[in-house]
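Good morning, everyone, and thank you for making the time. I would like to walk you slowly through one structure today, so please keep the picture in view while I talk.

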Amino acid sequence: MIGINATLDIAKQAIQANQYGLNVTGQNIANVDNPNYSRQLMELNSGGSLKVGGLVFGTGVDVTQIASSVDSLLQSWMNNEQSTASAYDKKSGNLNYVQDIFNLDTDSSLDSLFSDFWNSWSKLSNVPDGSSERAGVLESGNAIVQQFNDMSDGLNNLSSDVNNRIDVAVDSINGITAQIDKLNKSIVSIEAQQGAVANDLRDERTALVSKLSGLLDITTYEQSDGSLLVTAARGSAILVGSGGTRELSTGDGGRIMWESSGGPVDISDQISGGSLGGWLDIRDEVIPEYQSELDSLARAFMWNVNYQHSQGVGLNYFSDAVTGSSATDASAGNQLDSLDFFNNVDPSGTFSTWIHDSSTDTNTKVGIDFSSYGIGASSTMQDLADAFNQALTDQGATGVTATVNADGDQIIFTPDSSNYQFAFGEDDSGLAAALGVNTFFTGSGADDMGINSQLSDTDNIAAGQLDPTTGEIAAGDNSNALLLAECGEISMDMNVYSYDRTSDPPSTASTITTTTDSYYQTMVSNLGVLTDNVNRNLETSQAMVSELQDQRDSISGVSLDEEMINLTKYQNSYNAASKLLKVADEMLDTIISTR
Amino acid sequence: MRVATMTIYNNSSTQLTRTLSDYNKAAKTVTTGKKVQDPSDDPVGYAQVMDIGSTLSQLGQLHDNINTGTQWLTTSETTLNSVLDTISQAKQLAIAATNGTYNDEDYATAAAQVDEMLSQLVDTANTKVNGHYLFSGTKTDTQPYTLDETAVPPITYSGNGEKFSISTGVGSRTDVSYTGDEVFGQTGVDSDGNGIDDDLFSLLMSMKDDLANNNGANLETIMGDLDTHYNNVNNLISDVGIKSNRLDTKENVVSDFETTLTEQKSNIEDVDLTDAATDLALKQTAYQAALKATSSIISVSLVDYM
């Protein structure tokens, strides 16, 4: 016969179970706003059975476990998508900075500055000896230099800014992996010792993993003991394993290094997602591409203007020494081919100089062509100076001597006495432009571009050209200014670049033949296409994340309505169990009092 | 599908953010009147707008150039007309002097008149436009003619044979000046060191001498030479007319082109205000709907009924 005590036991278990249930409900309600919390459920079992006299009795209820509603597959999809979304997020944000650097829609965007510059030459052509027109040319040239310098600086600053952010991200990655490792150890020991699932620690770990996915793309794998293996770089770098953590660090050039058992390994190219992936794309693809193209544009622009400017003459002959602003490279033996623009030089052309003797008011022309004077790519600056002096002697001229500076890397033309002045005439070789003699701009790229210091005397701005037969200067000659105003129409070979940081070398260059204006327009338009694509991708992956979040919450999220119902349910059941206890107790009382 | 409480709040917040952002963008489009604000809005259109902007800026500069050209031509025309007047006066004087009624005193007076004409002509030949000599070629800072009747040759031209030109488009130049040689004839000395004397100044000098010394004996020949100069200057004046007309036409073409381009630019970057306003109303409705839905869903809970 089954005793009354057994009924009392059932009541006790029922009271306990419902009280646990209320506790779980309470925990769920408390965490309704915790995004990482997974809804907990109490699992019940009807307990063992007792066979008494051919009858099988139940023995009440057992709480078997407090389970967490987690779909780990969904969670890992969400992490992946989160990686992608945060990569696009960083890319999109930084592309906006790049657009800002381009100063679009303002008067200082390059396209307006180019137009202003060409127009300033046209204005000068209308009044070739006008001092305000000359100042106007210099001013608009300066504005272009400023903008090129600013854009180059802006891209460099963005790059170092991104590097700082990468450093911070690497630190937080190491912090997060250390925490995951710590949680791994706690989960393993709790679950092994107590045989129960450590729900809240697991929730905490899941939250860290999802935070980590925002920083870089990772894959995770749960091992049978409950610990979580975290790998990055497409599974090749174990960040958290059974042996503890392996840290990331930044190496030379801001490369991402993983501390393998055999020392640091560069895993930058295998990181494609997370903030880190987005920043690497910006730093190693977007910025170098625009930096290279900006340089390509600056070089083409400078060459066009310098070439034409060096063909012309200002209002007066030069009476002081003229030093070429371009230098050869001493490490290349000061060979001419180490000049920045030597590739643009046509060796079949002739570089001509006119010497003016003011005592007799006569002009003598000296022409120097490469083949007659044995000048070539491997000649040194000194060879060139010697050739010039030889040409003078050969052609019966005197008055100017060419020398090199102390470093032997720049050419200097000096008049022999105050009777002599000189000017540069037609130069279809482009040698003067390559030497930086009688040029408008100095430098070789967007960052070091400047204005030839000689032009601080605006009379030296070459609006005209020497009379090709007499070598005379005419103040109203605007022939060079007219040609300079049209330099924007010259099509020339320029490189366009495409960068893929995972290939070696990362950049591929192709040549297009176009004008500087349309090259710049293409640059801006490509930037627009890129930004548009990234923004679109960002929207898509954010929508994916939010869709997956909904699905995850549908399984793991707390619903207050449900919990309210549970609350009532457990309360009622608790009341019922208490009633059972009371009835069983009264029955016991009855029995005892009948004695 | 089971709906977690957080989903309701998350979704409401996402929807509100999205619809508000759309609403804001639609409002910005209406207020700025531009549909292309960033290159990413319409990369191709943005590049076209930049291209048209550069062309418009060039065209604006062409107006400047054409104005400069017109100024040179107008001054040239006035000056050439005054040269023409001087030649006419000289010719009338020559006709009067050959009708046989002149006495010695009349010839002397006539010679003095011609001398007056000569110095006036030198002044005219040294006319400036905006501080630049009109007839010295491109040596615009050099006075073209100096007269010294005791020297050989008495008149010297210090200008050159180049003409001042303006740009009327890429690779297109229009000469807007006339050199002294063109207007007044060749001056200077030949290889033997004798004066060439083909020029109008020398002609007036010999006319003066003829009137003063020979009582007009050579006036027939001089009249013929005056006619040659008259025709030459007259031809130049019609040339000025042709060039002015050409510049006027160019100016009109430039203006028309500007209008067309401005229209094209506007088509690409400007919004159709009706469309934009409709879109704004639509986005407003969407935002209002999201607000309504949010306030409705977040205000009900089972808690309220227990």
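I will begin with confidence, then turn to the contact between the chains, the sheets, the cores, and finally one glycine.

Please keep in mind throughout that this is a predicted model. For the complex, the predictor gives an ipTM of 0.87 together with a pTM of 0.88. Chain B has an average pLDDT of 90, and 99% of its residues score at least 70. If we go through the elements of chain B, the lowest mean pLDDT, 86, belongs to strand 1 of chain B, residues 128–129, while the highest, 94, belongs to helix 6 of chain B, residues 219–269.

Let us move to the place where the two chains touch. Chain A brings 43 residues to this contact, and chain B brings 44 residues. On the side of chain A that touches chain B, at least two residues each come from helix 3 (110–126), helix 10 (516–556) and helix 11 (560–594) of chain A. Which helix gives the largest share of that side? The answer is helix 10 of chain A, with 16 residues.

Now for the sheets, of which I will show you two. One is an open sheet of 3 strands in chain A, with the order 14-13-17 and antiparallel pairing. Strand 14 and strand 17 (420–427) of chain A are at the edges with a single partner strand each, and therefore one side of each has no neighbour in the sheet. On average, neighbouring strands here are turned by 25° against each other, direction ignored.

Within this sheet, strand 13 (residues 350–357) and strand 14 (residues 362–369) of chain A run antiparallel and are joined by 8 bridges.

Strand 9 of chain A is joined to strand 10 (residues 256–260) of chain A by 3 bridges, with A:T250 opposite A:I256.

Next come the cores. The largest nonpolar core has 134 residues, and A:L276, A:F422 and A:V524 are those with the most contacts inside it. Leaving aside residues up to four places away in sequence, A:L276 touches A:I166, A:A169, A:L215, A:L216, A:I256 and A:I271. A second, separate core of 40 residues has B:W72, B:Y145, B:M205 and B:I222 among its members.

Finally, let me point to A:G154, which lies in helix 4 (residues 131–194) of chain A. Why does A:G154 count as partly exposed? It has 19 other C-beta atoms within 10 Å, whereas a residue needs 20 or more to count as buried. A:G154 and A:V286 are 132 residues apart in sequence, and their C-alpha atoms are 13 Å apart in space.

Definitions and conventions: Residues numbered from 1 in each chain as written. Chains lettered and ligands numbered in written order. Predicted model: local features only at pLDDT ≥ 70, side-chain atom pairs only at ≥ 80, totals over all residues. Contact = placed C-beta atoms within 7 Å. Helix = DSSP H or I, 4+ residues; strand = E, 2+ residues; numbered from the N terminus. pLDDT = per-residue confidence, 0-100. Pairing = 2+ DSSP bridges. Core = buried A, V, L, I, M, F, W, Y, C linked by C-beta atoms within 7 Å. Buried ≥ 20, exposed ≤ 12 C-beta atoms within 10 Å, placed from the backbone. Axes fitted to C-alpha atoms, helices over the stretch in contact; angles between N-to-C directions.
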